[in-house]
Structure formats: C-alpha cells, structure tokens
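Here are a few exercises to work through with the model open. Try each one yourself before you read the solution.

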Amino acid sequence: MKLDFTPEELAFRDTVRAFLKEALPDDLRHKMINRAHLTKEDIVRWQRILNGQGWAVTHWPTQYGGQAWTPAQRYIFQEEMALAHAPEGSPFNVNMIGPVLCKFGTEAQKERFLAATANIDIWWCQGFSEPGAGSDLASLKTTAVRDGDHYVLNGQKIWTTQAQHADWMFGLFRTDNSGKKQQGITFLLLDMKMPGITVRPIETIDGEHDANEVFFDDVRVPVENVIGEEGKGWDVAKHLLGSERSGIARIGLSKERLSQLRTLEARLAADGTLSPEEQHRLAHKLAEVEVELRALELTQLRVVAADAHGGGANAAASILKVKGTEMQQRMTELVVELAGPAGLAMPAHDHGANDPADGWVAAAAPFYFTMRKVSIFGGSNEVQKNIIAKTMLGL
C-alpha cells in the first residue's frame, strides 16, 4: 500500500496553501493564533469564503456542491487548514447533516436544505444525547408520537452544542417502544423556532457556553421532516457517526500544536527556566508524542488509501477517534506543564497574543479543561474500544 503523496497531490497541496494565504482574513487568523473564542459570525464568514471557492463541502457528491477530490486530497486539505490556523466550518452542517441528506434525503429535502446548509444560511445543531442516553444513545426516551401529518415531541436533549445559535435541529426520537431499543427510533428535522422548544444554557468548566439543554413540550413536527424511514433512524445515525469519528482525530491540528510545544520548550531552555534535567524529561515526552502522532498519521493514511480503493473503515474510524482524541488531550497536558504558573490563569477571550506559542500559553487552562470532553463526544472512547474489540479482534 503506497502512503507517499504523488507529485499531483503535492501540487494540490501548494494550491491549497496559496489559497489559504490569500483568502483567510487576518482577524480570523489572529483569533486562531490567539486561541480566542470564535463567534457564530466568524464561522459563518469563513465557511462562506470557502463556499465561494467551492471548498466548503468538498466531500459531498458533486451534484450537491462537492468536489471530486480523492481521499488523499481531502486529507491534505484538512491538514493545511489546521497548519494555516484556519477555522473549521460548522461540523454539524458540513460533516453531519449534509452527508446524511445527500444519502438519505428525499429530492424535496435536498432541494430545500443542501445549498443553504453548505452556505450556513441554516445553522444546524444535533439532538442526540439525553440524560441517561449519552454513550448508550439507543436508550433515548424523548418521544415522537404520530398525530395525523405531524409528530408530537416531548422530552429533553442535553449537551446540545450551539443550540443557542441553531435555526434547525437534526435529532433522534423514540417513535416505538415495542422492539429492541435500536428499533423504533426516527431521525427528524425540526425548526428551532417552533412553539414548545426551550433552550437552556450549560456553562462548561472552561467558562464557555457551547452546550445546552433543549426541552420539547408538545412540539409538532411535520411528517415530511423524517429522514429515511420511520423507525429506521438508527441506521441513519450510524452513517452520521461514522463520518464524525473519521474526522475527529484532527491530525493536522495536533501537528500544529506539537510545533508550538517545541517552540515553547526551546524558549524555556534558552532563557534558563528549565534545568538540564527538566529539558531532558520534556524532550523525552515530546519525542514520545511525536512518535505516537506519526503512527496515528500513518493509520489515517492507511484509511485514506483503503477508502480510495473502496475499502471499509468503520472500525478504523473508531481507532482514529480514540487515539486522535487521546493525543489532543496529551498536547494540552504538556502545554500546562510547560506554561507553569502562567498556565493556571483563566484569561479573557482575547488576550492579545500574536504568536501561536504565546497564544497557547495564555489559553492553557481553558484549553486543558475543554479538551476533557473530546474523548466523550462522537461516542465515548470506552464504547469505541468495545467496537474495536468486537469488529477487529472478534472478542
């Protein structure tokens, strides 16, 4: 299996780099370097710039605005985005509901939603987790009872990221309790402005408000908003979660962070902050991280190569999810260690750093706290390890 990039792929990388250098607004790049909070307007602006280039939803089918890129080109694009300090677009729009609509949506649903989703004319949120149904998502209890041409929704979702901004939600709802818990679940689209929906904020330990509780009190959703078939929503959800886990490793982002860790280490060694023993210990830790990151990258490239030849990657997606999120957490642990007392502060959103390494030190504490969640969302790592053991090891 060939894992090196071809000359054509290297030329494509140069094209992406040139575009990002020219098109990425300086204020957005500064925010990313500064590790500052991105507003909804920031994300919408950048995704619309990408969409104007035809690069917002490159992995979608071409008839819906995608590019006929190879898996290797998609991988290169994501890595270059991270290395250029470019924001990600809305994952709910680009990586979740968009591909679901392309595969399972009716023609009317595609016409209504896809173009608006690519341009973030509609901002989506995901209504999956519930109290008592997080990692065990199939235990969800929020009901959708058929009443003529509508479903009537009652119940609660939790940890609903960016629901405070959302125009629409895609979610899973219980339409039947008679069979196995994976059965009787229906995938629905709902307008967040409908009567009976209440959004309550959850402030997380990093001081941010991204998560929410969402309550449904006799919310009436048209039957035409079902994706796929009634009671078959679990199949739709598995397709969505497979895509989410494949992209959650964020190898390019970890490579950029490793570079900043090495910059911090060199600075601290040069100014005498680190003793020779501390330098040796940190150098050893950074070398371990670099080896693990390289192994993760090779695994990702094997998945890319298999995908290019029609190979399946469901279990490999779980591996990437587990190791990728563990790697992201390791990076934040190391930056807190390198930052020392300066890494204990909870800074204002814009703390004025102009260098990526300085920005990371200034945001060390909130970054450390927020990255505790990455091993939970997208399917907790403990559950992913069970999937790996069953599908790959036969246990």
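The exercises below look at a helix pair, a charged residue and the cysteines, all in a predicted model.

**Exercise 1.** Work out how helices H4 and H8 pack: at what angle, and with what handedness?

*Solution.* Start by finding the two helices: H4 covers residues 71–83 and H8 covers residues 251–270. Next, compare their axes, which lie 7 Å apart at an angle of about 35°. Then check the sense of the crossing, and you get right-handed. Now for who does the touching: H4 brings Tyr75, Glu79, Ala82 and Leu83, while H8 brings Ile251, Gly252, Leu253, Lys255 and Glu256. Finally, sort that contact by class: five residues are nonpolar, one is polar and three are charged.

**Exercise 2.** Find how many disulfides the whole structure has, then classify Cys102 and Cys125 as buried or exposed.

*Solution.* Begin with the disulfide search, where the count for the whole structure is zero. Then turn to accessibility. Cys102 comes out at 10% relative accessibility, which is under 20%, so Cys102 counts as buried. Cys125 is at 0%, so Cys125 counts as buried too.

Methods: Residues are numbered from 1 along each chain as its sequence is written. This is a predicted model: local features need pLDDT of at least 70, side-chain atom pairs count only at pLDDT 80 or more; totals for chains, interfaces and linings use all residues. Side-chain values use heavy atoms; hydrogens and water are left out. Axes are lines fitted to C-alpha atoms, for helices over the stretch in contact, and angles run from 0 to 180 degrees between N-to-C directions. Helices (H or I, at least four residues) and strands (E, at least two) are DSSP runs, numbered from the N terminus. A crossing is left-handed if the near helix is turned anticlockwise from the far one by less than a right angle, and right-handed if clockwise. Contact means heavy atoms within 4.5 Å. Ala, Val, Leu, Ile, Met, Phe, Trp, Tyr, Cys and Pro count as nonpolar, Asp, Glu, Lys and Arg as charged, and the others, Gly among them, as polar. A disulfide is a pair of cysteine sulfur atoms within 2.5 Å. Buried means under 20% relative accessible area, exposed over 50%, partly exposed in between (1.4 Å probe, protein chains only).
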